[in-house]
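Dear colleague,

Please find below the structure that I am handing over to you.

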Amino acid sequence: MGKKKFYIETHGCQMNFSDSEIASSVMIKNNFEITDNPRHADVILINTCSVRDNAEQRARNRLKNLTPLKKKKKDLIIGIIGCMAERIKEQLFEEEKKIDLIAGPDAYRNLPRLIETAAKKSKAINVKLSREETYDDITPFKIENKGISAFISIMRGCENFCSYCVVPFTRGKERSRNPETIIKEAKNLFSKGYREIILLGQNVNSYKWNSGFGFVNLLESVAGISPLLRVRFTTSHPKDLSDELLYVISKNENICMHIHLPMQSGSTRILNLMNRKYSREWYMNRIEAIKKIIPGCSVTTDIISGFCTETEEDHKSTLSLIEEAGFDYAYMFKYSERPDTPASTKYKDDVPEEVKLKRLQEVISLQRKLSHKSNINDLNKTFEVLIEGESKKNKNNFYGRNSQNKVIIFSKQKNYRIGDYINIKVTGCTSATLIGEVE
Ligand code: SF4
């Protein structure tokens, strides 16, 4: 008998992708073998997201699709892990009869034991949140091993309690990971040929190991591994983005010139209801600081349209702040109420669906124009590009990213390989991509 096989699929944010690598590592250490085909699996794990209702619906639809497999293979174990498991807990067994196992984000060490329990047809559930768990001794198993760019999770949980967000409830208290293990993981990846590390946390700016070692120290330590290693990070909270961090980015060439700074709304009244802990003026102050201290830095953002009580005037404030900030790219959504969040208990989700959609459309079309403008501004500029792979559309082209996190397509060069740096001059663009040639 060979090893038992598991299949894992991930929905949601990068944090979940990073968690799937930790869960996979635990499984492999316990004698399971990974497969990329659910038909060959003895255990199927679906790592779920709860941030928006449609993310949960997607996971439920996926479970429906797996029904025929479950019918064919009576011993197949199907597990729901991650945020949805944590949010709905035991009730999920009632709602989705095909599930054998439920594990929250802090229970991945427990997966082998839960699988044993599920195999005996007993209820296998662990949704206990921990104040300490950071999985810092577990080397994540790289599932999509492209070998150039890797995420490293530096902290877990969040205590900001933005009123619309489930994360503080599904991922628990904020905990920072031991920096020694982070630096060791980054060095190890670099020695295997990785050339880009993305430090990951819900609010990286509040990373703190002890009073003398915070995020700025961690960032400099990782950047210090090699000038050939690019370092990025996400996500920053505007309330915590310090000038000190901006100076560190400007001083270190291999810390990328890109900041993802979720704005959410341009109306201070709505920001207060969202419990974001900053005003429109504060947000703009941070944008100006970025532009002054790191000229050429790109800024991307997240925007929610149609939050509770949002008026046409609030919406206009959002549009005007988008324009003032001049974002290079944005992730834009309409507000989706999540059960048990402070917003769902305190405020009425009173913006009609068609109004939310109309406002979102206005936000999207404005941002599309700004993204295109940002790309047009790059015409004739030369950027150092890290080659990440072969273009899917044309095998004669490579694609890579510049420090600003923009994708650039260019024709393959004989003496260059994936993982190399190359200077590319931008000769054309669309609103989403830059096109260039070797300088
Ligand atoms: S900072 Fe706010 S939006 Fe981000 S994870 Fe924490 S509570 Fe959610």
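The notes below begin with the protein as a whole and then turn to individual residues.

This is a predicted model, in which local features need pLDDT of at least 70 and side-chain atom pairs count only at pLDDT 80 or more, while totals for chains, interfaces and linings use all residues. Residues are numbered from 1 along each chain as its sequence is written, and side-chain values use heavy atoms, with hydrogens and water left out.

Overall architecture

The protein contains 14 helices and 21 strands; these are DSSP runs numbered from the N terminus, with helices being H or I of at least four residues and strands being E of at least two. Its radius of gyration is 22 Å, close to the 22 Å that the globule rule gives for 439 residues, so the protein is as compact as a globular protein of that length. The radius is taken over C-alpha atoms, and the rule is 2.2 Å times the number of residues to the power 0.38. Along the principal axes, the C-alpha atoms fill a box of roughly 65 × 60 × 50 Å.

Of the 439 residues, 55% are buried. Here, buried means under 20% relative accessible area, exposed means over 50%, and partly exposed lies in between (1.4 Å probe, protein chains only). The protein exposes about 20,300 Å², of which carbon and sulfur atoms supply 49%; accessible areas come from the Shrake-Rupley method with a 1.4 Å probe, and for residues only the protein chains shown count as cover.

Contact means heavy atoms within 4.5 Å. Among contacts between residues at least 6 apart in sequence, 72% join residues at least 24 apart.

There are 70 positive and 56 negative side chains, and the centres of the two sets lie 4 Å apart. Lys and Arg count as positive and Asp and Glu as negative, with His and the chain ends not counted; each charge is placed at NZ of Lys, CZ of Arg, CG of Asp or CD of Glu.

Strand β14 spans residues 258-260 and includes H260. H260 is buried, at a relative accessible area of 8%. Its side chain forms a polar contact of 2.7 Å with the side chain of T300, and another of 2.9 Å with the side chain of D302. A polar contact is a pair of N or O atoms within 3.5 Å; within protein, one must be able to donate a hydrogen and the other to accept it, and residues adjacent in sequence count only if both atoms are side-chain atoms. Beyond its neighbours within four places in sequence, H260 also touches other residues, including T234, T235 and Y331.

Outside four places in sequence, its contacts include F233, L241, L246, I249, I294 and V299. I290 is another of these contacts; it lies 31 residues from I259 along the chain, with 8.5 Å between the C-alpha atoms.

Backbone geometry

Most residues other than glycine have a negative phi, and most peptide bonds are trans. The peptide bond from T234 to T235 is cis, with omega near 10 degrees. T235 sits in the loop between β13 (230-234) and α9 (243-251).

K89 has a positive phi, near 55 degrees. This residue lies in the loop between α3 (83-88) and α4 (91-95) and is partly exposed at 36% relative accessibility. N405 also has a positive phi, near 75 degrees; it is placed in the loop between β18 (397-401) and β19 (407-411) and is partly exposed, with a relative accessible area of 26%.

N126 is part of strand β6 (residues 124-126). The side chains of N126 and N110 make a polar contact of 3.1 Å, and a polar atom of the N126 side chain lies 3.0 Å from the backbone nitrogen of K128. Among the other residues in contact with N126 are I102, A103, G104, A107 and L114.

K121 lies in the loop between α5 (111-119) and β6 and is exposed, with a relative accessible area of 61%. Leaving aside neighbours within four places in sequence, K121 is in contact with K74 and D75. K121 and D75 are 46 residues apart in sequence, and their C-alpha atoms are 9.4 Å apart.

With kind regards
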